[in-house]
Amino acid sequence: MSERDESMNYQRFAMLPELLSLQQPLSDPPEHDEMLFIIVHQVHELWFKAALHELDHARGLLVGGDEARVAATLKRVRSILKVLVGQLDILETMTPVEFESFRDRLDTASGFQSAQFRELEFALGIKRASVLKTFPDPDENRRLKRRLEEPSLWDAFLRFLVGRGYDVPDRALARDVTEPVTPDPEVQGVLIDAYRSDPGLINLCERLVDLDEGFQEWRYRHIKMVERTIGNKPGTGDSAGVAYLATTMTAAFPDLWEMRSAL
C-alpha cells in the first residue's frame, strides 16, 4: 500500500471540508430556512451532474449496441429522478412565510440559471437554441452549445434501431439535432412492429418511457412546489413563475407515447 493510500480517509476522499463549507446563508442574521433552501438546490446540482454522467454513458452504450447495459443505466437515471422528486418533498416543508423571510436575498438568482438542468434537457432532446442567450458565462455557454449540436439520447436510440435491422426513415436519422424531437408517424410504425415482435427491445423502450415519465414527474412536482410556495406571483429573477413552468410539460420521446394509441 502506498503512502498516499495510507493517508486517504473518508473526509479527504469525499472532500468534506470543502463541500460542507459551501452553505453560506446571505440573510443577516441568518434565517433558519435559508440553509435548507441552499442545501436542496446544491444537492440538485450534484444529482444533475450524476444524471448527465449516466446519460452520456447510456448514449455511448447505444452506439455500441449494448442493450442490456443501456437499460440498466436508464433505470439508474430514473432512480436519480425519484430522489430529486423526494427532495421537493423536503422543500415543501417550508411555508410561504418562511420562504419570504429570505427571498429578497436571492435578488436575480433563479433556477432558470441552472446550466446543468438545461444540459439535461438538451441531452434528452428537449432543445432550444434561444436558451444559450441566457448563459453569458463562457464555460456554461460552451457546454450548452456542445450539447445543442450533438445527437441526443433519442438520436442514438434511432441509430441503435438501425443496427438491430429496423427500417428507420432517413428523415428521422438526418434530422437537425439542434431542434427538439417531434412526432414521426413512420418512426411510430417501426416502434409498433418492435413491440409486437421483439421482447428485448420492448424492455429498452419501456426504460426510455420510464425516464421520460420521471423527468415530467419532476417538472410537475416542481410546478406544484413553486405554486405552493409563492402562488401565482412572479418567480425569482423576475421569471414568470408557475405560468411559465406549466408550458414546459412536454415529452422528450413523443413517438414512444403516441404509438401506444395504435397498439
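User: Let's start with D210. Is D210 buried, partly exposed or exposed?

Analyst: Happy to begin there, and keep in mind that this is a predicted model. D210 has 24% relative accessibility, so D210 counts as partly exposed.

User: Which side chain does D210 meet in a salt bridge?

Analyst: The general idea is that a side-chain nitrogen of Lys or Arg lies within 4 Å of a carboxyl oxygen of Asp or Glu. Here R207 is the partner of D210, with N to O at 2.9 Å. Both sit in helix α12, and because they are three residues apart there, about one helical turn separates them.

User: How many salt bridges does the structure hold, and which residues do shared partners join into one network?

Analyst: There are 25 salt bridges in the structure. Through shared partners, one network joins D56, R59, E119, D139, R142, R143, R146, R147 and E150.

User: Where do E217 and R78 lie, and how far apart in sequence are the parts they tie together?

Analyst: First the bridge: the side chains of E217 and R78 meet at 3.3 Å, N to O. E217 belongs to helix α12 and R78 to helix α5 (residues 67-91), so this pair ties together parts that are 139 residues apart in sequence.

User: What about D184 and R171?

Analyst: Their side chains also form a salt bridge, at 3.0 Å from N to O. D184 is in the loop between α10 (170-173) and α11 (185-197), and R171 is in helix α10, so the parts they tie together are 13 residues apart in sequence. D184 is buried, with a relative accessible area of 9%, whereas R171 is partly exposed at 48%.

User: Now for the rings. How is a pair of aromatic rings described?

Analyst: One gives the distance of the centres and the angle of the planes. The count for this structure is ten aromatic pairs. Take F99 and F102: their ring centres are 5.5 Å apart and their planes stand at 90°, so the pair is edge-to-face. F99 is buried, with a relative accessible area of 5%, and F102 is buried too, at 0%.

User: Which kind of pair do F117 and W218 make?

Analyst: Their centres are 5.3 Å apart and their planes are at 40°, so this pair is tilted. F117 lies in helix α7 and W218 in helix α12 (residues 199-230), so the pair ties together parts that are 101 residues apart in sequence. F117 is buried at 9% relative accessibility, and W218 is buried at 8%. Ring pairs also link these two with F48 and F215 into a cluster.

User: Why is helix α7 called largely enclosed?

Analyst: Look at its residues, 115-124: ten of the ten are buried, so the rest of the structure largely encloses the helix. Among them are R118, E119 and E121. Just after α7, G125 takes a positive phi of about 105°.

User: And which residues form a nonpolar patch on the surface?

Analyst: That patch is made of L19, L20, L22 and L46, which together have about 390 Å² of accessible area. You can find L22 in the loop between α3 (16-19) and α4 (32-63).

Notes
Residues are numbered from 1 along each chain as its sequence is written. This is a predicted model: local features need pLDDT of at least 70, side-chain atom pairs count only at pLDDT 80 or more; totals for chains, interfaces and linings use all residues. Side-chain values use heavy atoms; hydrogens and water are left out. Patches are made of residues with over 30% relative accessible area and no salt bridge: like charges are joined within 9 Å, nonpolar side chains (Val, Leu, Ile, Met, Phe, Trp, Tyr) within 5 Å. Accessible areas come from the Shrake-Rupley method with a 1.4 Å probe; for residues, only the protein chains shown count as cover. Helices (H or I, at least four residues) and strands (E, at least two) are DSSP runs, numbered from the N terminus. Buried means under 20% relative accessible area, exposed over 50%, partly exposed in between (1.4 Å probe, protein chains only). Rings of Phe, Tyr and Trp (its six-membered ring) pair if their centres lie within 6.5 Å; planes under 30 degrees apart count as stacked, over 60 as edge-to-face and the rest as tilted.
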